[in-house]
Amino acid sequence: MMDLKEQKKIREEVIKYFKMAGIFLTDEEKKNKIQIVDYNTGNFYELGLAMVAFVNVQRYCGKFILFFPGQCCAEHRHPDINGKPGKEETFRVLWGTAYAYGPGEPTKNIKAKIPKGREKYFTSRHEVILTPGDQYIVGLNEKHWWQGGPEGVIALEVSSQSRDEYDLTTEENLNTVIH
Ligand code: ZN
């Protein structure tokens with residue numbers, strides 16, 4: 001479990017990246033809205049992400065997502081919930097470079113570095129490289145994962161309501177608690 005001191009350090013880093021990218025965060029967002037996911041593996045900068053949800057209501061959601069350089073989220077999908085379609089997401093890169101993976105022909109020699117020992121949990125290997133202005137639409141219930149490029153990446157995520165507790169990671173026993 002990540003301790004409060006480490007969380008504070010990471011939040012300060014997150015604020016630096018947003019500043020560098022020219023994306024304004026209010027004092028309230030800096031103080032209370034920076035969410036950290038570390039999957040409880042003890043290596044946040046390898047497997048984790050940070051986000052700021054500036055709105056999340058019943059039918060839509062808007063978030064900024066930050067991946068530090070070389071950091072990735074776990075491969076996951078958004079299943080149907082009680083017979084209704086799961087979360088739909090589109091990402092638009094605002095700053096930096098992202099390596100995005102989803103369904104399709106596997107790319108030879110992908111650019112992302114998969115966390116050691118977890119290769120089997122990253123099954124989507126079709127690579128799309130995204131820079132500012134590029135968008136990526138995640139298909140319904142499709143497996144996907146992202147990694148920040150050499151300078152990291154900040155993307156805008158627009159989606160239907162975000163209910164992260166319903167996300168299914170390919171690695172089943174990952175802890176997806178948000179700090
Ligand atoms: Zn997703």
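I began with the largest cavity, which holds about 290 Å³ of space. A cavity here is a set of points, on a 1 Å grid over the protein atoms alone, where a 1.4 Å probe fits but cannot get out. Grid points are joined across faces, edges and corners, and a volume is the space filled by probe spheres set on the points. The search of the whole structure gave 1 cavity of 30 Å³ or more.

I noted the ground rules next. This is a predicted model, in which local features need pLDDT of at least 70, side-chain atom pairs count only at pLDDT 80 or more, and totals for chains, interfaces and linings use all residues. Residues are numbered from 1 along each chain as its sequence is written, and side-chain values use heavy atoms, with hydrogens and water left out.

**Cavity lining**

I listed the lining residues, meaning those with an atom within 4 Å of a point. There are 22 of them around the largest cavity, and Y39, L49, H76, D164 and D167 are the closest to its centre. By type, I got 11 nonpolar, 5 polar and 6 charged. Ala, Val, Leu, Ile, Met, Phe, Trp, Tyr, Cys and Pro count as nonpolar, Asp, Glu, Lys and Arg as charged, and the others, Gly among them, as polar.

Which strands supply at least two residues each to this lining? They are β2 (49-56), β3 (61-67), β5 (89-102) and β8 (145-159). β3 gives the most, with 3 residues. Strands are DSSP runs of E, at least two residues long, numbered from the N terminus.

**Strand β8**

Of its 15 residues, 11 are buried; buried means under 20% relative accessible area, exposed over 50%, and partly exposed in between, with a 1.4 Å probe and protein chains only. β8 pairs with β3 in the antiparallel sense over 7 bridges. Two strands pair if DSSP finds at least two bridges between them. On that side, F64 stands opposite L156 of β8. β5 also runs antiparallel to β8, joined to it by 11 bridges. There I picked out G96, whose bridge partner in β8 is V153.

**Zinc site**

I then checked the metal. The zinc ion is coordinated by H76 (NE2), H78 (NE2), E89 (OE), E89 (OE) and H144 (NE2), at 2.1 to 2.7 Å. Donors are N, O and S atoms within 2.8 Å of the metal (3.2 Å for Na, K and Ca); water is not among the atoms, so sites may look incomplete. Along the chain the donors follow the spacing H-x1-H-x10-E-x54-H. H76 sits in strand β4 (residues 76-77) and E89 in strand β5, so this pair ties together parts that are 13 residues apart in sequence. Are these two buried or exposed? H76 is buried at 11% relative accessibility, and E89 is buried at 4%.

**Aromatic pairs**

I counted 12 aromatic pairs in the structure. Rings of Phe, Tyr and Trp (its six-membered ring) pair if their centres lie within 6.5 Å; planes under 30 degrees apart count as stacked, over 60 as edge-to-face and the rest as tilted.

F54 and F64 have ring centres 5.1 Å apart and planes at 45°, so I logged the pair as tilted. F54 belongs to strand β2 and F64 to strand β3, so the pair links parts that are 10 residues apart in sequence. F54 is partly exposed at 42% relative accessibility; F64 is buried at 14%.

Y136 and W146 have ring centres 6.2 Å apart and planes at 85°, so that pair is edge-to-face. Y136 is in strand β7 (residues 135-138) and W146 in strand β8, so they tie together parts that are 10 residues apart in sequence. Both Y136 and W146 are buried. I also found one aromatic cluster made of Y17, F44, Y45, F68 and W95.

**Backbone check**

Most residues other than glycine have a negative phi. N82 lies in the loop between β4 and β5 and is exposed, at 75% relative accessible area. N109 also has a positive phi, near 50°. N109 is placed in the loop between β5 and β6 (126-130), and is exposed at 73% relative accessibility.

Note on methods:
1 Å grid on protein atoms, 1.4 Å probe; cavity = no way out; pocket = protein on both sides within 12 Å on 5 of 7 lines; lining within 4 Å. Helix = DSSP H or I, 4+ residues; strand = E, 2+ residues; numbered from the N terminus.
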